[in-house]
Amino acid sequence: MRSNETSKAEGEKITNNKNTKMTTKKNKKYERLYNQIKELLPKGNTTISAMSTITAILYHKIDYFFWCGFYMLEDGKLNVGPYQGPVACQELEKDKGVCWAGINQAETIVVPDVEAFPGHIACDSRSKSEIVIPLFDQNGNVFGVLDVDSKDLGSFDETDAKWLEKIVSLLIN
């Protein structure tokens with residue numbers, strides 16, 4: 001009979017091995033999607049058509065993406081751009097919610113539970129977790145965000161952040 005400590009240690013090893021395999025699988029999937037998107041975005045493509053391509057691929061290829069789209073900063077307002085999923089909020093209240101946090105902090109925001117995020121804007125009550133990636137122009141100014149929602153709590157992690165940042169960087173290359 002094993003001690004609880006041994007069982008617990010072995011359980012942690014199994015969990016860690018499972019998480020490592022999931023992360024490796026997720027990395028490989030994102031790498032394939034990145035390469036596919038990169039091939040589909042020829043030089044001279046308009047930003048709107050590039051955003052449309054990005055959202056279509058991500059939404060249809062990543063099963064936990066419930067909503068995937070862009071919000072664009074225009075005259076101090078954050079307005080919806082190309083997206084896939086249920087109907088979106090058309091304009092987000094200034095300085096409120098995850099998207100504005102991404103704009104104001106100029107950094108990726110990962111929210112495991114949107115109900116716990118102060119000032120969260122619920123465009124769809126089925127959304128449970130969210131990631132927001134700021135978009136930077138060639139001068140380093142934020143001009144919008146990629147916003148992705150999931151119906152499940154804790155869907156997004158560092159792997160999502162890393163690859164989504166890399167994917168949106170294609171918009172200025």
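This is a predicted model: local features need pLDDT of at least 70, side-chain atom pairs count only at pLDDT 80 or more; totals for chains, interfaces and linings use all residues.
**View 1. The ring pair of Trp67 and Tyr83.** The ring centres of Trp67 and Tyr83 lie 5.2 Å apart with the planes at 25°, and because planes under 30 degrees apart count as stacked, the pair is classed as stacked. Trp67 belongs to strand S1 and Tyr83 to strand S2 (residues 77-84), so the contact ties together parts that are 16 residues apart in sequence. Trp67 is buried, with a relative accessible area of 6%, whereas Tyr83 is partly exposed, with a value of 27%.

**View 2. A cluster of rings and a charge over a ring.** Tyr64, Phe65 and Phe156 are linked by ring pairs into a cluster. At Tyr34, the ring face has Lys166 lying over it, at 4.7 Å from the ring centre.

View 3. The structure holds one cavity of 30 Å³ or more, and the volume of the largest cavity is about 190 Å³. Its lining is made up of 18 residues, among which Ile121, Cys123, Glu130, Asp147 and Asp149 lie nearest the centre. At least two lining residues come from each of strand S1 (67-74), helix H3 (97-105) and strand S6 (142-150), and helix H3 gives the most, with three residues. Sorted by class, the lining of this largest cavity comprises 11 nonpolar, three polar and four charged residues.

Note on methods. Residues are numbered from 1 along each chain as its sequence is written. Side-chain values use heavy atoms; hydrogens and water are left out. On a 1 Å grid over the protein atoms alone, a cavity is a set of points where a 1.4 Å probe fits but cannot get out, and a pocket is an open set with protein on both sides within 12 Å along at least five of seven lines; lining residues have an atom within 4 Å of a point. Grid points are joined across faces, edges and corners, and a volume is the space filled by probe spheres set on the points. Helices (H or I, at least four residues) and strands (E, at least two) are DSSP runs, numbered from the N terminus. Ala, Val, Leu, Ile, Met, Phe, Trp, Tyr, Cys and Pro count as nonpolar, Asp, Glu, Lys and Arg as charged, and the others, Gly among them, as polar. Rings of Phe, Tyr and Trp (its six-membered ring) pair if their centres lie within 6.5 Å; planes under 30 degrees apart count as stacked, over 60 as edge-to-face and the rest as tilted. Buried means under 20% relative accessible area, exposed over 50%, partly exposed in between (1.4 Å probe, protein chains only). A charge sits over a ring if NZ of Lys or CZ of Arg is within 6 Å of the ring centre and within 35 degrees of the ring normal.
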